[in-house]
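Student: I'd like to get to know this structure. Could you take me through how its features get their labels?

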Amino acid sequence: MPLSKRIEQVLAPIYKQRVPVIVLKGIKILVSLLPPVLTGNLLNNLNQYDGDRAFFYIGMIAAVLAVYFLLDWAQDYLWYRMEYIGTGIIRSYLFANVIRKSFLYHKDHSVGDLEGKVVHDAGIYAHAKISMMPMLFLNIIHILVILALLFSRDVPMTFATIAFSAIFFLLYKLINKHIRKATLREREGYSEVLTTTHETLAGVNTIQLYGEEEFFAHRFEKTVDKYEHFLINLRKWKGFALAANNKLVGLLPLVAVFVGLYLYRADIVIAGIGTIVTYYLLLPALVDPIKSLTEFSIDYQNARAVEGRLEELLADETQTNSKLEQIDKIQSLEFSNICYKYDDGTEVLWDVNFTVKPGDALAVVGPSGAGKTTFLRMLKRQLHPSWGQILINNKNHHLVDEKSYINRIAVLAQDIFVFDDSITANIKFGKDIPDAEIQRLAKICALDHLDLEDSATKLSGGERQRLGLARALACQYDVLILDEPTTELDAATETKIIQNLKAVQQENGCIFIVITHSQNVLDNLCNKSLTLSKPK
C-alpha cells in the first residue's frame with residue numbers, strides 16, 4: 001500500500017475533526033467580507049441617512065469586526081491544534097516503522113538521514129495531508145466570493161483587476177519545477193548535516209584523544225556550507241514566487257482605483273465613490289487567499305519532494321502464513337552446514353555446525369573478523385544464511401513462525417544502549433516487571449550496591465555491562481546470547497557473575513551461547529565450544 005493511503009488510514013480520526021473547523025473557517029471568511037460591503041453601502045447612500053442612523057451603521061460594522069476577531073482566533077487555534085496533533089501521529093507512525101526495519105536497512109542508512117525524515121520531512125508531509133486540500137478549497141471559495149461581490153458592484157473594474165492579476169499567475173508555472181528540485185536538494189543536504197553532527201558528537205571522545213578537533217570541525221563546516229548553498233537556492237525560488245504575489249496584491253487596489261476614477265470621473269465621482277472604496281477595501285482581502293494559493297504551490301512541491309524519501313521508511317508488509325509452526329519453547333537449536341557471504345562476496349562463516357539443548361552453554365570463540373557478530377545476528381534472524389539450515393526444534397527456521405521463537409532468545413550485546421532514565425527503567429526496558437524481581441536481578445548482576453532510581457547515564461562501563469545483563473535476564477527466554485559479557489569486569493566480579501549465571505541456568509534450564517575471549521568464562525561456565533575461523 002502506498003504511503004499516501006497508509007497515512008490517510010492513520011489520520012482518519014483527524015480527518016473527522018476537519019469538518020467543523022472548515023465550517024468555522026468558512027463562516028469567518030464570509031464575516032470578514034461584511035465590513036467592506038457595509039462601508040461601501042454607507043458611503044454610496046450617505047445623503048439618505050441621518051446622523052443617528054449613520055452612527056448605528058458604524059456600530060454594526062464595529063460589532064461585525066468583533067465577531068470576526070473571535071472567529072479568527074477560534075478557527076486559528078483549532079486548525080493548528082488539529083495539524084500539530086496530526087503531525088505527531090504521522091511522526092510516531094513513521095518512527096514506529098523505522099525501528100521495525102531490518103538490521104541491513106539500518107546498516108545502510110545513517111541516523112542523521114532517518115532523523116531528518118522522521119522529524120522534518122514528516123512535518124512537511126503532515127501539513128500537506130491534513131491542511132492543503134481544505135485550504136485550497138477554502139481559498140478558492142474565498143476568492144470566488146470576493147469576485148462575486150466585486151462583479152455585483154462593477155463589472156468593468158472587476159474584469160480589469162482579473163486581467164491584471166492573470167499576468168502574475170502565469171509566473172508560477174515557470175518556477176514550480178525549480179522549487180521542487182531545489183527542495184529535494186535542500187532535504188538531502190539537511191539530512192547530511194544531521195548525519196555529520198550525530199556521528200561527530202558520538203565519536204567526540206575518540207576525536208579528542210587523537211587531537212583531530214580541527215579536522216572534524218572543518219569537515220562539519222564543509223557540510224554546512226553545502227547545505228547553505230542548497231538552502232539559498234531554494235529561498236531564491238520561493239522568494240521569487242512570494243515577491244510576485246506581494247506585488248500583485250499591492251498593485252490590485254491601485255488598478256481598481258485607476259479604473260474606478262476613469263469610469264466615475266467629474267460629475268459622477270460622488271455617485272461612484274462608495275464603489276471605489278468597496279473595491280479598495282475588498283481587494284486587500286484577496287491578500288490571504290492569493291498568498292495561501294502561492295504557498296500551496298510551494299508546499300505541494302515540497303510534499304512531492306519528500307514523499308519519495310518517506311516512502312522507504314514504511315516497514316515491509318509481512319504476510320501471515322497459517323502453515324508456519326508456532327512454538328512455546330525452544331527445545332533444541334542447530335546450525336547445519338551454515339555459510340554466510342556478504343553482497344560484496346566476502347565470506348565470514350563457512351560450514352558451521354553445532355547443536356545445543358537446554359542446560360548447554362556453548363562458547364563461541366575465534367579471531368576478529370571470523371564472523372562472531374554475524375553468527376549472533378543469524379540467531380536473531382537479522383541475517384539469513386547463504387547456505388545451510390538453522391533448525392529450531394528440528395524444524396527449518398523458515399517453517400517456524402518468526403515471532404514465536406525470536407522472542408524466546410534474549411541477547412546481551414557488546415554495546416549497551418542506555419537511555420536517559422533510571423537504572424530500574426533501563427532494566428525493565430518497556431516491560432512490566434515487579435520491583436522485587438528488579439531487586440533480584442540487580443543482585444544477580446552485582447548492581448545491588450547502587451540506588452536503582454539513579455540515572456543510568458551515570459554508570460561506568462562495567463556497570464552498564466551488568467545493567468545489560470540484568471535487562472537480558474528480565475526477558476522471557478529459552479536461549480540467552482552473551483556477547484563478551486565480562487570484558488569490562490574485574491576478576492572478582494567476573495567470577496561472581498559466572499557463579500550467578502550457572503545458578504540461573506540450573507534454575508530454568510535455559511541454553512547459553514557465549515561469545516567470549518575470557519578463559520574464566522570458558523572454563524567455568526561453558527560445557528561446549530565452537531571455534532570460528534576466517535574463511536580462506
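Tutor: Let's go through some features and set each value against its definition.

Tutor: This is a predicted model, where local features need pLDDT of at least 70, side-chain atom pairs count only at pLDDT 80 or more, and totals for chains, interfaces and linings use all residues. Residues are numbered from 1 along each chain as its sequence is written, and side-chain values use heavy atoms, with hydrogens and water left out.

Student: What makes strand β3 largely enclosed by the rest of the structure?

Tutor: Five of the five residues of β3, residues 361-365, are buried, so the strand is largely enclosed. Buried means under 20% relative accessible area, exposed means over 50%, and partly exposed is in between (1.4 Å probe, protein chains only). As for the names, strands (E, at least two residues) and helices (H or I, at least four) are DSSP runs numbered from the N terminus.

Student: Which way do the β3 residues point?

Tutor: Ala361, Ala363 and Val365 point one way, Leu362 and Val364 point the other way, and all are buried.

Student: Are aspartate 360 and lysine 528 buried or partly exposed?

Tutor: Aspartate 360 has 11% relative accessibility, so it counts as buried. Lysine 528 comes in at 34%, so that residue is partly exposed.

Student: How many salt bridges are there, and what are some others?

Tutor: The count comes to 12. Among them, lysine 341 and glutamate 347 meet at 3.7 Å, N to O, and aspartate 435 bridges to lysine 428 at 3.6 Å. Aspartate 435 has 53% relative accessibility, so it counts as exposed. Salt bridges that share partners also join Lys329, Arg408 and Asp478 into one network.

Student: What does the side chain of glutamate 484 join to in a polar contact?

Tutor: Histidine 517, at 2.5 Å. A polar contact is a pair of N or O atoms within 3.5 Å; within protein, one must be able to donate a hydrogen and the other to accept it, and residues adjacent in sequence count only if both atoms are side-chain atoms. Glutamate 484 is found in the loop between β7 (479-483) and α17 (491-508).

Student: Why is the pair of phenylalanine 215 and phenylalanine 216 called edge-to-face?

Tutor: The structure holds 12 aromatic pairs. In this one the ring centres are 5.0 Å apart and the planes are at 90°, so the pair is edge-to-face. Rings of Phe, Tyr and Trp (its six-membered ring) pair if their centres lie within 6.5 Å; planes under 30 degrees apart count as stacked, over 60 as edge-to-face and the rest as tilted.

Student: What makes the pair of phenylalanine 417 and phenylalanine 419 tilted?

Tutor: The planes of phenylalanine 417 and phenylalanine 419 are 40° apart, with 6.2 Å centre to centre, so the pair falls into the tilted class. Phenylalanine 417 is exposed, with a relative accessible area of 53%, whereas phenylalanine 419 is partly exposed at 25%.

Student: How do you know that valine 418 is buried?

Tutor: Valine 418 has 14% relative accessibility, so it counts as buried. You'll find valine 418 in the loop between β6 (409-412) and α14 (423-428).

Definitions and conventions: A salt bridge is a side-chain nitrogen of Lys or Arg within 4 Å of a carboxyl oxygen of Asp or Glu.
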